[in-house]
Amino acid sequence: MMRKWISIFAIAAAFLLTSTQVSAAALSFKIAPSEQHASKLEQQVQAWVDALSDQPQFQSWKRATAAIVPLGPGTHGWLVTFRLDRLPVGYMIVHATAEGGFVLGEYGTGMHPAFDANTLYSSMVRQGLFTTYAEAIKKPLHLERLYVSPVLAVWKYVAANQETYYLDAWTGEALPITDQLWQEQTKALVANVDKPALSMAKTTTAVQLKKLSAAAANQVFDPYERLPWLTKSPLSQEQIKHLPDLLDKRNQIRFTAELFRETVLFVYPAIGYHNWDNHSLFVAFDSVGTRYIPIDLLNQEGHFFD
């Protein structure tokens, strides 16, 4: 359960603005923006919102305000956060393509989206990185968003004593890693795909997504109730091709990614999917809200277990 002091959105927002790395002004527009004045990026985000907002989980996006900020230097990507009545209701990660278009990297719903200020602030206090908001604003906070892939997404925080922390982009929890481990893992991913954050430009998901052709939403389950990654072999590539069929049958599918010299294990329960235009599959995971991640990227970074 989240503690009471984390609901102070105004404080958390001000807290983020003290950061030297994440103070870039957000591009905000009301859904839906006027087509005449909207940028190409805004228009593309709006098109995806229109396609998603008929789904029950996304209906609040019709009335939401979208804020767009760059993900970080060299990524050619953006974080889109949707808010309704000043409270977050979802997010998108968007990447640019070499041809000048945009790729939907992932998206999700819930009150704790990627790189959320409230979540980060409360988590840092809980972990003792500072004790109060007053302490936090004494000096600028050295924070940087790092998004390499759906499983390599963190806040990089350099404390006053120059100690570096890597905080999970969704929970704000510190990962037990160093600069060396982060760089090693990033290079390992680069070895598989030329540009991690832009790798979708080489996959079927780079095709313009226009409409949902199928959607499924299953019940949330505890991924640790069973530990198939310890007792069974992962699903084969042939089996993964039929993942929607398995989810339609209510199979409890887990996705695991073991990273940083096997010091960190991510386990995500698959609870549904979105199929765009009959060819681009995004798997839904219960993870501090619901995240929809392209299966092409997941296949590069971990394994599925039934």
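Predicted model: local features only at pLDDT ≥ 70, side-chain atom pairs only at ≥ 80, totals over all residues.
Visitor: How many aromatic pairs does the structure hold?
Guide: There are 20. Rings of Phe, Tyr and Trp (its six-membered ring) pair if their centres lie within 6.5 Å; planes under 30 degrees apart are stacked, over 60 edge-to-face, the rest tilted.

Visitor: Why is the pair of Y107 and F282 called tilted?
Guide: Its ring centres are 5.3 Å apart and its planes meet at 40°, so tilted it is. Y107 is in strand β5 (102–109) and F282 in strand β12 (280–286), so the pair ties together parts 175 residues apart in sequence. Strands here are DSSP runs of E, at least two residues, and helices are runs of H or I, at least four, numbered from the N terminus.

Visitor: What makes the pair of Y107 and Y292 stacked?
Guide: The planes are 10° apart, with 5.0 Å from centre to centre. Y292 is in strand β13 (290–294) and Y107 in β5, so this pair links parts 185 residues apart in sequence. Y292 is buried, like Y107. These rings belong to one aromatic cluster, together with F58, W61, F82, W276 and F282.

Visitor: How do you know that the charged end of R291 sits over the ring of W170?
Guide: The rule wants NZ of Lys or CZ of Arg within 6 Å of the ring centre and within 35 degrees of the ring normal. The charged end of R291 is 3.6 Å from the centre of the W170 ring. It also sits over the ring of Y268, at 5.6 Å.

Visitor: Why do β6 and β8 count as edges?
Guide: The open sheet runs β6-β7-β8, antiparallel. β6 (142–149) and β8 (164–168) each have a single partner strand, so one side of each has no neighbour in the sheet. Pairing takes at least two DSSP bridges, and seven join β6 to β7 (152–158).

Visitor: And why is V45 called buried?
Guide: Its relative accessibility is 0%, so V45 qualifies. V45 lies in helix α2 (40–52).

Note on methods:
Residues numbered from 1 in each chain as written. Heavy atoms only, no water. Buried < 20%, exposed > 50% of the residue type's maximum accessible area, 1.4 Å probe, protein only.
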